[in-house]
Amino acid sequence: MRERHKFVLSLLLLAISPASGFPISASLGAQAAASPDTMAFYRALDLEAAGKYREAIPLFRAALKTPAAVNALLGLERAYAELGWSDSLVAPLDTLISANPKEETFRTVQLRALQMAGRQADLRRAFDAWAHDMPSSAAPYREYARLLLQKNQSAAADTILLRARQALGTTKDLQLELAQTRAAQGQWIESARAWRQALLTADYLVQAAAYALAPTPSSSRAQVREIFLALPAEVGSRRALADLEMTWGSPADGWNALKELPPDSASAEAWSEFAKRAEAEDRWAIARAALESALGWKRTPDLSIRAGTAAMNAGDAQAALRLAPLSLANGDSALIARSYLPLHARALAALGRPMEAERLVNAYDRFLAPGAKSSLTRTIAWGWVRTGDMTRARAALAATGPEGDSSDAAGWLALYEGNLKAARALLRGGTESSPELASALGLIARLKVDSAPAIGKAFLALAKGDSAGAATQFVQAADLTPAVRSLLLLLAAQVNASMHNESAAIALWTRIVEQDKDTPEAPQAELEWGRLLRLKGDAAGASTHLEHMILTYPQSALVPQARRELELAKGAIPHS
Amino acid sequence: MPSRSIHPLRRGALIVALMAALVPVRGVLAQRLLVPMDDAQQNHLKAYGLTYAAIKAGASAEWLLNYRGGAFLLADTPELRRQAGLAGITTEPVDNARLSQLRAEIAANNMEAVPLEKAPKVAVYTPPDALPWDDAVTLALKYAGIEYTPIYDDDVERGDLSKYDWLHLHHEDFTGQLNKFYLSYRDAPWFIDLLQKNSAAAKRLGFANIPGLKKDVAEKIREFVERGGFLFAMCGATETLELALAGRSVDIAQSFIDGTPMDPDADRKMDWKRTFAFRDAHLEQSPFVNAMSDIDGHQVNVPGRRQPLGTFTLFNFSAKFDPVPSMLVQDHRAVVNDFYGVTTSFTKAVLKPGVTILANEEGAPWVKYIHGDYGKGTWTYYGGHDPEDPQHAIGNPPTDLSLFKSSPGYRLILNNVLFPAAKKKPLKT
């Protein structure tokens with residue numbers, strides 16, 4: 001705790017030095033050259049950093065008479081606060097202010113000290129005196145309003161801001177305080193107006209604005225939108241609105257707020273930043289739109305890859321190729337191999353253009369990192385599988401040489417062709433991991449035969465996206481291969497369940513539980529059965545199966561999952 | 001749910017008959033089933049539910065204070081084994097020889113075996129509509145599988161508290177100011193709905209406004225404890241219940257809720273003789289400051305006063321001489337991470353003499369967990385909102401306790417549910 005405090009303290013010291021006009025950080029590095037009167041100040045800083053506040057205080061006080069007075073006062077304020085003696089600041093502050101009534105830091109610290117001491121009447125008097133002595137300055141109003149806002153006294157802060165308007169003729173230097181006051185009072189429309197003004201000169205307040213306006217009730221949101229969307233389109237206000245829309249669960253509206261910005265570097269940065277949030281939330285279509293706009297301003301390889309990936313993830317392979325053309329890499333073969341090739345191969349395979357993908361991969365073969373080739377080969381072979389051309393898929397792998405022949409893709413192709421012997425050897429030594437691979441490995445490990453064309457056909461149908469055909473073929477294969485019957489039936493049930501063909505899935509789970517109750521698939525079938533019933537609202541039916549599964553197969557690795565399902569079915573834990 | 005009371009002798013005969021009927025089915029069962037509550041336990045929270053189920057079924061149950069984290073010793077029945085297996089609760093069979101060793105160890109150390117006799121009838125005071133915050137006790141009871149009855153103002157006013165042994169309060173504001181949410185959420189649909197329903201309830205039940213209704217509910221809760229009820233409160237209910245009791249004859253509500261400002265002399269007029277835990281606290285006079293009084297040490301919703309979270313330490317009591325506080329602090333951790341609530345902690349300076357401090361934060365001017373007797377009953381206050389969601393904010397999703405099966409903070413809640421089941425023993429001092 002103490003260490004953390006020190007860290008914060010040191011940051012504070014660095015932060016205040018430029019404002020005070022006294023280069024502490026530079027001077028700290030040259031303490032030996034400091035004059036004797038500022039030595040006390042440095043010594044005080046050391047003592048403060050060591051937590052020796054009592055010892056630091058007299059030295060800080062001594063330094064109040066030196067050029068380091070402003071920073072010495074801030075040090076004194078921190079030390080007194082640590083000891084709970086903030087009241088003790090008041091007397092030296094009176095002296096300092098008498099000597100230098102224009103110094104804003106002295107006045108600000110005075111307000112804070114009186115606030116800490118709970119001397120509300122004196123606090124008000126100090127504010128009045130400051131406003132009187134500096135009639136054209138917004139600082140007294142700003143600092144006092146901030147203190148009131150910190151105490152949740154938004155009505156009182158409002159009164160001060162009103163007085164500032166009367167005294168100064170404007171609140172243009174108090175827009176942040178005005179915005180916070182209005183938000184605290186639930187005056188969302190007025191707050192939004194003030195935030196828009198504040199953001200004109202301080203666009204770093206984007207997040208603060210979005211945070212303050214996040215609780216805006218839905219009934220007021222349309223008006224808040226209007227304020228931020230009013231022309232001219234400014235980057236700060238549009239970014240704040242985009243953040244708000246994301247928080248309100250309307251990412252499409254967030255993009256609408258940003259897309260009209262004129263293309264320039266600030267807008268491009270706003271688009272790219274917005275896309276990052278959309279990417280993190282898997283809003284790929286919106287991320288793509290934002291990145292495409294950013295690309296319109298500046299076409300960098302990084303942006304193009306992000307845009308292409310977003311398009312691909314949004315299901316638009318054609319756009320992925322268009323947004324991330326190889327030409328953007330400026331002939332940097334290593335960059336192409338590392339960043340563009342995986343995206344292009346994936347897009348081309350999805351478009352049923354595996355030949356082009358194959359050509360591309362071959363062209364950059366020597367720039368590929370170890371292990372990358374195997375993944376690309378699999379992608380290409382996958383493309384051939386999607387076209388249903390197993391011969392070409394096989395040929396594609398063979399053409400890539402020995403590595404292709406021993407790749408994961410070769411293992412999959414062997415499986416699709418029913419060649420279990422080859423599939424067993426290739427998939428076991430593979431580098432990828434996926435649920436499909438786990439199922440396939442589990443299946444072939446339990447089969448003693450080297451050939452099973454019916455199983456291969458079923459997996460191929462699944463790879464081609466023919467779920468209904470795959471489910472039927474898994475059942476047919478189950479009847480032909482009793483050694484893995486339960487596993488094939490389970491796969492068929494899973495495919496049926498994913499197609500919402502629940503009665504077929506239940507029939508298959510029933511068969512497994514009744515006929516193959518000693519296989520590892522029996523607890524899994526019962527777990528999946530219970531889960532399906534729970535999702536359909538049949539809590540009692542789900543509980544029966546889940547309880548049976550837990551008590552019958554207590555050693556199963558699936559028991560923790562079954563317990564969680566049971567708790568959800570019984571309402572013992574909230575649904576996420 | 002109310003359970004039928006059975007004469008102890010009859011209950012014993014029933015258990016023997018039940019055991020005799022069940023033993024041949026599953027073979028020879030051990031004499032007892034030990035439910036360890038130290039780090040060997042896989043699901044501490046469900047273990048309380050198992051024990052509650054044992055007591056409810058009339059099976060023998062003992063709470064072994066300070067033994068293996070506050071273990072439970074239950075009758076070894078097929079049904080309890082089944083429930084333990086389903087929930088993943090760690091149990092250990094204990095035969096007669098090991099039972100003798102165990103009892104000898106308890107006798108020789110700061111430990112005690114407390115028989116648990118009757119499953120308490122549990123009521124949770126909670127509004128019937130879902131609100132955008134969770135309730136740690138409801139979550140814990142649901143997860144552990146302990147039955148409870150939700151009750152609210154109509155039930156309390158009808159006199160239904162007398163049907164229950166144990167009452168839990170959580171987020172309610174008994175000063176009737178709806179936690180001053182008006183300041184930030186007056187346009188939120190849930191708040192508008194809350195305000196309308198509470199106003200309608202006040203009118204229906206014959207009160208001028210919400211503060212009037214809530215103060216009367218507070219008074220009935222005080223009477224419930226006085227007559228022998230067990231009260232457990234968390235979060236803002238602790239502080240506001242006390243303010244409502246002390247301020248029964250004073251206008252302590254701000255104008256936004258009852259149309260009149262707080263009595264400027266309210267502080268002086270508070271009658272602290274009527275309260276359970278606190279005295280001489282000062283009311284927050286400003287309608288714009290989201291705090292009720294200086295009872296709470298952390299003041300989470302007041303930016304200038306908000307105190308950081310630390311950890312709190314559970315006190316160690318003599319199990320043989322102070323069994324009640326010992327039961328309330330049974331845990332497998334002595335130091336627990338703190339968590340915020342509308343009321344997070346209790347300032348030491350306003351505690352009444354005689355209040356038992358169960359947990360505090362070392363060096364801080366506040367305590368976390370307190371307990372005391374009142375009339376024939378007892379009360380326990382636990383500051384904070386959700387032990388596993390230290391910064392819980394309005395609108396946050398409820399905590400999934402299956403991810404916190406061994407939460408030491410939640411254990412303290414469940415200790416409170418079980419301790420009313422303990423058989424009262426004459427004090428040894």
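**View 1. Strands β2 and β5 of chain B sit side by side.**
In this predicted model, strand β2 of chain B, covering residues 61–65, is joined to β5(B) by 4 bridges, and the two run antiparallel. For one pair of residues to look for, find Leu64(B): opposite this residue, in β5(B), stands Ala113(B).

**View 2. An open sheet in chain B is built from 5 strands.**
Now step back to take in the sheet. Its strands follow the order β4-β1-β3-β2-β5, with antiparallel pairing. Which strands stand at the edges? They are β4 (92–94) and β5 (112–115) of chain B; each has a single partner strand, so one side of each is left without a neighbour in the sheet. On average, neighbouring strands here are turned by 30° against each other, direction ignored.

**View 3. Helix α2 of chain B lies across strands β1, β2 and β3.**
Trace residues 44–56 of chain B to find this helix. The strands it lies across include β1 (32–35) and β3 (71–75), and the helix runs at about 35° to β3(B).

**View 4. Chain B touches chain A.**
How many residues does each chain bring to the contact? Chain B gives 23 residues and chain A gives 24 residues. On the chain B side, α3 (78–87) and α5 (136–144) each supply at least two residues, and α3(B) gives the most, with 3 residues. This side of chain B divides into 10 nonpolar, 8 polar and 5 charged residues.

**View 5. Chain A has 35 helices and 0 strands.**
Of the 576 residues in chain A, 45% count as buried. Among its contacts between residues at least 6 apart in sequence, 49% join residues at least 24 apart.

Definitions and conventions. Residues numbered from 1 in each chain as written. Chains lettered and ligands numbered in written order. Predicted model: local features only at pLDDT ≥ 70, side-chain atom pairs only at ≥ 80, totals over all residues. Contact = placed C-beta atoms within 7 Å. Nonpolar A, V, L, I, M, F, W, Y, C, P; charged D, E, K, R; others polar. Buried ≥ 20, exposed ≤ 12 C-beta atoms within 10 Å, placed from the backbone. Pairing = 2+ DSSP bridges. Axes fitted to C-alpha atoms, helices over the stretch in contact; angles between N-to-C directions.
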